[in-house]
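I opened the notebook to look up the fold, the domains, the ligand surroundings and a few backbone details, and I put down each item as I came to it.

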Amino acid sequence: MAIVDCSMPGQALQDLRCEVAVVGSGCGGATVARVLAEAGRDVLVLEEGGDYVGPERLTQRDLPMYDQLYADRGSRTNADRTIAVLSGRVLGGGGVINACDVVPVHEATWRYWQKVHGLADWSPETMAPFVAKALQDLEASPIPENMVNRNNQLLREGAKALGFAGEVMHHNRVQCLGLGTCLIGCPAGAKRNPRMVAIPKAMTAGARVLVRARVLQIVNGKGAEKTLLVRTLDPKGYRENGNFQVHCKRVVLAAGPVGTVSILRASSLGNGWLGRGLSLQPQVAVVAQFKERVNAFDGIPQSYAVTAFERNDDAKGLHGYRIEGIFGTPGILGSLVTQAGVAGKEAMAALPQVAACLVLVPDDPVGEIVHPWSGGRKIEYTLTDEWKTRAREGVRTAMRCYLAAGATQVLVASAPPIVVKSERDLGLVENLSFAPATIGLISAHQQGGTRVAVSADQGVCAPDGQVWGAPGVYVCDGGVFPSTSSTHTMTPILSVGHALASRWLAGWKA
Ligand SMILES: Cc1cc2nc3c(=O)[nH]c(=O)nc-3n(C[C@H](O)[C@H](O)[C@H](O)COP(=O)(O)OP(=O)(O)OC[C@H]3O[C@@H](n4cnc5c(N)ncnc54)[C@H](O)[C@@H]3O)c2cc1C
Ligand code: SF4
């Protein structure tokens, strides 16, 4: 069976029927579609994005790739525009554009959810087999030493000189060519992501997959037979150009926190927790200038992490901070250059001597996805003072690592920029206010908004992902986590996808 592209003329899409409709095809949606289809269930996957595989479609060109692979073409932000909220909009979701780091939920965080949030079924022991399945899907392995590029080596050299612990990360690449454009898709097909693993397996087991199909609303979401109102999109996904309906017994919403909350809101489903408890896990970019040629754009972008300051415990879950080498495509880097005109051009010309990292600072789930009466959708998120203090600490540590590795200067592209040339300058980091319009932070790991909880007065979904008050409507994406799950969310979501789907199968009558 082929993937059905709803943008193509001549598709018979008036009135589709299935047992389980899965909305969204990322780590959550693709995983449950595959597990349910392999168990013989009649599954239909609806994905708003297009199907992008292979070098003809994944062209390594910044603008068309952001345009086609990212939600809101990569321009989504929180309401005060401090944080770029990045997520995928393509068959396979965020897995197609992510950096391939494999970091499962730490045992202490499962324990925290179990102890503090009362999620008895989410213990590390219960989840272990599902984490194992996720790691198997990902073909997770350590990044080989010869693929740790100079950018990541420099971070490691600095951390080692200062005695900070760190590690070469695990990834989900097989036969990687080191092209370096992971964040705009892998033309070589090296990522073991949902598009390459779960979607083909789901289809082999009989699942139908539709792309350029945007789900707007669930009608009769509390009843036995539900109807999805779906709009078809044009080939680039710019405009709606048709509509059809899907009739089903069960719906799994896996459209990512922003998409899933919007569909539930439009369907008048969910309770007062809907949209609340959002974690964006904002990240701060730190950039260093070296005399040597770093060529950070060559090879795997992200391979080494300074882990010495990361904390996991069963009283608080994940906190502290972590620093990871990273490099983006020229478009991303260009957007970080603070100088204008000739000075900006010179800064871009110096790119081969530049190294960069991200300070990943886990947050409390303080954000909210709101839908004002005037229409549209807003992501309300205000950085807390505690987060800012930790972020400044992380920035200072990253700067110290680069100085120890021989950087001539290290900076954060804020307004005004914080530029440090020696340890004596590190006090300048206190000037980082993180005020709106002074800095561009990055969120790649949105979680919450439809958190699971043991009762309807504490969250949107029951611990099995079923929306309280809407039997047969489930959520399975990053939205279900009661707090931030890990410094990287792909493996946690895949793990929960396996766990929830297997629970549903045990409970559903044929
Ligand atoms: C740039 C970037 C780098 C990252 N790097 C890493 C990394 O190295 N390691 C890691 O573990 N994690 C990483 N992540 C995070 C990880 O990829 C995501 O958390 C994960 O892919 C999210 O999975 P999901 O199933 O929750 O949702 P998504 O993958 O966001 O999937 C949701 C899908 O639903 C579709 N959709 C939305 N609304 C609708 C609708 N109304 N109708 C139909 N379809 C809809 C979207 O188009 C999308 O394809 C990264 C993320 C980004 C953006
Ligand atoms: S570095 Fe590897 S995974 Fe990333 S785009 Fe290149 S070949 Fe693909």
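The entries below go from the whole chain to single residues.

**Entry 1, the whole protein.** I noted at the start that this is a predicted model. I then looked up the secondary structure and found twelve helices and 24 strands in the protein. The radius of gyration is 22 Å, close to the 24 Å that the globule rule gives for 510 residues, so I wrote the protein down as being as compact as a globular protein of that length. Taken along the principal axes, the box filled by the C-alpha atoms comes to roughly 65 × 50 × 45 Å. I also looked up burial, and buried residues make up 55% of the 510 residues. Of the contacts with a separation of 6 or more, 74% are between residues 24 or more positions apart.

**Entry 2, the domains.** I found the protein divided into domain 1, made of 4-75, 86-141, 184-278 and 447-507, and domain 2, made of 142-182 and 279-443. Between the centres of the two domains, taken over C-alpha atoms, I have 28 Å. At their contact, 42 residues of domain 1 meet 45 residues of domain 2. On the domain 1 side, helix H3 (62-69), helix H4 (107-116), helix H8 and strand E12 (276-278) each supply at least two of the residues that touch domain 2. By class, I recorded that side of domain 1 as 18 nonpolar, 15 polar and nine charged residues.

Which residues come nearest to ligand 1? Of the 41 residues around ligand 1, I listed Gly 24, Gly 26, Gly 93, Gly 94 and Gly 259 as the nearest. The elements that give two or more residues to this shell are helix H1 (27-38), strand E3 (43-47), strand E9 (213-219), helix H8 (256-266) and helix H12 (490-507). I divided the shell by class into 16 nonpolar, 19 polar and six charged residues.

Around ligand 2 I found 13 residues, and the closest are Cys 176, Leu 179, Cys 182, Cys 186 and Ala 190. Eight residues of this shell are nonpolar, three are polar and two are charged. Both domain 1 and domain 2 give residues to the shell, so I placed ligand 2 between them.

I looked up the peptide bond that joins Ala 415 and Pro 416 and found it to be cis, with omega at about 0°. Pro 416 has its place in the loop between strand E21 (409-412) and strand E22 (418-420).

I then turned to residues other than glycine with a positive phi, and among them I noted Cys 100, where phi is near 70°. Cys 100 sits in the loop between strand E4 (83-85) and helix H4.

Note on methods:
Residues numbered from 1 in each chain as written. Chains lettered and ligands numbered in written order. Predicted model: local features only at pLDDT ≥ 70, side-chain atom pairs only at ≥ 80, totals over all residues. Near = placed C-beta within 6 Å. Helix = DSSP H or I, 4+ residues; strand = E, 2+ residues; numbered from the N terminus. Nonpolar A, V, L, I, M, F, W, Y, C, P; charged D, E, K, R; others polar. Rg over C-alpha atoms; globule rule 2.2 N^0.38 Å. Buried ≥ 20, exposed ≤ 12 C-beta atoms within 10 Å, placed from the backbone. Contact = placed C-beta atoms within 7 Å. Domains from an automatic or database assignment.
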